[in-house]
Amino acid sequence: MKELIGREHELEVLAQRLADSAVQGGAIVISGAPGIGKTTLAAELLRHAESSQVTVLRTAGSPSESQMPFAGLHLMMGAHLGSGSTAADSRQKALLAAFGLTDTVPAHPSAFLVGLAVLDRIEAMAARNPLLVLVEDAQWLDRETADVLAFVSRRIAGDPVLILVTARPGYGNALLDGIDDVLDLGPLSETEAAALLDQSARDIDPEARTRVLGWAAGNPLALLELPKADDNDSSGLVPATARLRRTFATRSLSLPAPIRTALLIAAIDDRAELAEITAAVGAVHDTAVDASDLAPAVTANLVRINGQHVAFRHALIRAAIFTEATGEERRAAHLALAGVLSEQPVRQAWHLAAASPSPDSELAKQLESIAETAQARGGLSTALAAQRHAITLSPPGLDRTRRQLAGAELAFQLGERHILTQLLTEVTEGDIGPGEAARLEFLSEAFDFRPWTSDTIRGAVERARAAGIAGFTAEALNLLRSIVARANLQGTDEEVLHEVVATLDELDLPADDPSVLLIYAFAAPVDRGALLLARLRRATAAAIAADRELYELGMAAGPVGDNHLQVAAMMSAIDQLRRRGQVATLAPALWALASAQYFTGDWQGGAAAAAESECLASDTTQPLWAAAARLEASVLASATGDTQRAAGLISKTLAETPQFAPAQVARANAMLALAEERHDEAYAHLVRLFSRGDPAYHATLRSWVIVDLAESASAINRQDEAVALLIELFKQLGRTPSPRLHSGLTIARAILTGDDDEERYAVMASETALWPFSWARGQFAYGVWLRRRRRIAESKMPLRAARDQFDRLGAAPWAERARRELRAAGERSPAALARPDDILTAQELQIATLAAEGLSNREIGERLFLSHRTVGSYLYQVFPKLGVSSRQQLATALAKLR
């Protein structure tokens with residue numbers, strides 16, 4: 001093919017990637033400007049794949065379908081919906097609902113479940129033959145398709161699948177942003193351009209040849225097309241791409257008016273079938289038109305007709321046709337097409353909206369209904385587009401305001417900051433009621449995690465109060481939750497939290513309502529601690545089947561210091577959230593579980609929960625929860641001695657979310673410094689959490705790091721300073737029964753106090769099972785204190801107890817210190833036994849544990865949102881690591897390592 005001149009090397013690279021994919025899956029993007037050769041390379045690789053018995057799935061982005069949820073995915077998978085799917089029932093239903101092929105919309109439809117259904121099918125197909133997934137013009141994919149394909153691309157490692165994506169530079173979506181391997185195509189060199197032109201236009205005269213080479217600037221498509229244009233302009237000032245678009249448009253101007261209208265209709269809606277196009281053309285020109293009348297457009301090489309489908313030969317042709325049409329011509333085309341779509345109300349409404357020159361209340365209602373249906377099916381981007389059309393068509397008034405707020409909520413869910421800002425700016429121009437004001441405040445702060453001033457945060461509390469008094473309870477609680485979450489992230493503003501408590505008291509909402517308990521827990525964890533703990537324990541026992549309630553109760557248990565209650569509530573909530581496919585809520589739930597398991601001593605479970613939380617938060621575009629999960633994973637990695645990974649997680653968090661939670665960052669840095677015995681640095685980080693006025697000051701998080709502060713202060717002889725910092729927390733002991741606070745202060749006192757032997761010894765008999773890491777550090781400090789006072793024999797018992805507990809936890813740096821102290825006391829310690837997390841990754845351990853419990857690959861995949869083949873791949877790696885050859889041996893192998 002002459003179009004491949006100058007692209008031979010790139011074709012070799014792609015062919016090698018296709019061959020490699022038979023062993024190891026992967027994804028690659030071919031990036032380049034229009035006409036630069038992406039399509040040609042993809043077509044040649046496709047031909048090569050088909051001749052090599054590689055199965056091919058194809059799709060392409062389209063500007064007119066970029067707002068239609070799962071349009072690109074349907075093009076790719078539509079023919080394979082009935083091909084013996086092994087997808088789980090919930091995934092199958094989600095996929096059918098996404099394509100509008102079922103009347104039963106899932107209660108919680110999710111692009112995540114759709115992604116799992118697609119992954120199931122792709123892995124099933126790849127099990128028979130290597131698979132090439134070709135995605136062209138990815139910059140125009142609908143958001144949902146891009147999200148699903150990005151999800152799949154992250155999970156095909158080890159499968160014989162190559163995802164090949166073509167896209168223009170300067171665009172971004174989940175798929176393009178998630179693929180690191182990019183083949184950038186630039187213009188052809190002068191020699192290559194001349195060779196291509198000479199092959200494609202052998203009779204071109206020298207002067208025209210020079211002109212074309214200059215205009216084309218190495219663009220292969222321009223080199224092929226410009227010689228066909230009758231243009232003698234030799235100025236060379238017109239950019240090649242603009243020149244090419246003019247060439248395409250000029251070619252259409254010589255066609256009869258009905259054909260030009262047909263091309264315009266095809267340009268505004270590339271879903272339009274041939275019969276729809278000809279019917280609409282007939283309505284515009286009041287004359288009968290059939291397929292044969294479009295023959296001149298085919299002859300002019302502008303379109304191809306395949307059955308009932310009319311396709312432009314290149315996207316630039318379509319853009320040129322659309323650009324050259326007047327606004328009135330476009331409106332007429334939209335109206336004509338709407339007139340023939342009476343049996344397709346959704347498409348009809350889109351075209352009527354595009355054609356409407358003024359507000360139309362009835363059409364706005366219709367589009368709002370379309371938005372609601374799209375949202376129910378998981379098509380948030382389509383829902384947002386329909387809602388924005390509805391807003392445009394809405395006359396000023398409460399309906400318009402309501403739609404603007406609904407649109408802003410959709411923009412928030414999609415992460416579209418600029419659209420949310422635009423819609424909220426428009427809302428503020430009209431009069432709104434207290435419910436809308438609270439909703440507006442909540443949305444206005446959705447993306448902005450900058451510190452609030454006292455005045456702005458008090459204003460937000462007052463708006464929540466007004467909404468609650470007016471009966472808008474849900475809006476009031478949403479805003480109050482947002483306020484306390486902000487206070488928790490940026491460092492607790494205690495005066496503002498007092499106002500939150502006063503507002504909640506005034507609203508007099510049900511005392512055991514989980515949302516109310518959650519707000520009280522974050523706003524008054526000490527002053528209301530005793531009452532909250534009693535209500536939380538009672539409510540948790542009653543909330544057997546309500547996943548949302550269990551989630552909120554588990555979240556509330558953290559600030560009031562009952563991490564064991566938090567684990568129990570979250571484990572139940574997470575199990576139900578998994579079954580219902582509520583993936584977005586799973587990310588924060590897993591973070592809360594991981595943070596609680598750090599204290600309760602299940603570090604293997606905590607590491608798995610934190611890793612999964614980060615993965616799900618990334619999959620569902622929740623960067624703040626991803627950052628929180630990374631920092632919790634960093635704390636656990638430091639505690640187990642994986643300090644390189646811990647440092648990397650902190651660095652990644654600061655790079656991606658530099659404004660995020662300075663107190664959490666300080667805690668993670670302190671744990672890293674403690675693991676590496678940089679006690680002075682650890683102390684400096686921890687002091688910030690106790691210093692009012694420091695951005696990292698955090699009234700609640702102080703109770704998390706009590707033992708860390710005591711350990712670092714004791715190591716650098718700053719015990720008196722640490723005791724002074726803890727005085728305020730000591731005063732809280734009588735006001736709250738917080739188990740974490742009481743335990744932490746008990747152990748800190750034992751570490752920090754002077755020569756009171758009995759007080760140090762008291763910690764020996766308490767806190768063993770409930771707070772194992774803190775208890776072991778107290779034992780270690782006591783053993784060190786005894787040894788350095790030459791009470792060698794007495795020191796060995798607490799040092800052994802500390803060593804053994806550190807070994808059980810996997811706290812390698814602390815276990816090594818205990819062994820070092822025992823050596824100094826004249827006792828040799830056995831080597832630490834290997835642990836599962838020394839051998840397996842968090843994901844491998846999680847899967848191996850579930851397999852050892854008797855779950856099948858499919859059941860594990862259902863629980864962890866993986867395909868069953870991915871589970872099988874993980875187990876294939878786990879078996880040799882554990883030295884087993886069957887699932888039946890897993891439980892024994894894991895038990896030996898625990």
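Two strands are taken to pair if DSSP finds at least two bridges between them, and strands here (E, at least two residues), like helices (H or I, at least four), are DSSP runs numbered from the N terminus. With that in mind, select Ser31, which stands opposite Asp184 in β5.

Before moving on, note that this is a predicted model, in which local features need pLDDT of at least 70 and side-chain atom pairs count only at pLDDT 80 or more, while totals for chains, interfaces and linings use all residues. Residues are numbered from 1 along each chain as its sequence is written, and side-chain values use heavy atoms, with hydrogens and water left out.

**The sheet**

Select β1 (residues 26-31) together with β5, and the two strands will be seen to pair in the parallel sense over three bridges. Widening the selection brings up an open sheet of five strands, ordered β2-β3-β4-β1-β5 and paired in parallel. Its edges are β2 (55-60) and β5 (182-184), each of which pairs on one side only. On average, neighbouring strands of this sheet are turned by 15° against each other, direction ignored, where axes are lines fitted to C-alpha atoms, for helices over the stretch in contact, and angles run from 0 to 180 degrees between N-to-C directions.

From β3, step to Asp137, which lies in the loop between β3 and α6 (143-153). Asp137 is not a glycine, yet its phi is positive, at about 50°. With a relative accessible area of 22%, Asp137 is partly exposed, on a scale where buried means under 20%, exposed over 50% and partly exposed in between (1.4 Å probe, protein chains only).

**Helix α32 and its surroundings**

Next, select helix α32 (residues 623-639), the place of Ser634. This helix of 17 residues reaches 24 Å from its first C-alpha to its last, close to the 24 Å expected at 1.5 Å a residue, the expected span being 1.5 Å times one less than the number of residues. Helix α32 is mostly covered, since 14 of its 17 residues are buried.

Which residues are in contact with Ser634, leaving aside its neighbours within four places in sequence? They are Ala646, Leu649, Ile650 and Ala668, and Ser634 itself is buried, with a relative accessible area of 0%.

Still in this region, show the side chains of Arg630 and Glu656, which form a salt bridge whose closest N and O atoms are 3.3 Å apart; the term requires a side-chain nitrogen of Lys or Arg within 4 Å of a carboxyl oxygen of Asp or Glu. Arg630 lies in helix α32 and Glu656 in helix α33 (residues 643-656), so the pair ties together parts that are 26 residues apart in sequence. Arg630 is buried, at a relative accessible area of 2%.

Move to Asp562 and Arg537, whose side chains meet in a salt bridge (2.7 Å, N to O). This pair links distant parts of the chain, with Asp562 in the loop between α28 (547-557) and α29 (563-580), and Arg537 in helix α27 (residues 529-542), 25 residues apart.

Then select Asn717, in the loop between α36 (706-715) and α37 (719-731), where phi is near 60°, a positive value in a residue other than glycine. At 65% relative accessibility, Asn717 counts as exposed. Arg718 forms a salt bridge with Glu721, the closest N and O atoms being 3.1 Å apart, and both ends are partly exposed, Arg718 at 33% and Glu721 at 38%. A further stop is the network in which salt bridges that share partners join Glu677, Asp708, Glu711, Arg777, Arg817 and Arg820.

**The whole protein**

Finally, zoom out to the whole structure, where a search finds 49 salt bridges. The protein has 47 helices and seven strands, and buried residues make up 53% of its 898 residues. Among contacts between residues at least 6 apart in sequence, 68% join residues at least 24 apart.

Key:
Contact means heavy atoms within 4.5 Å.
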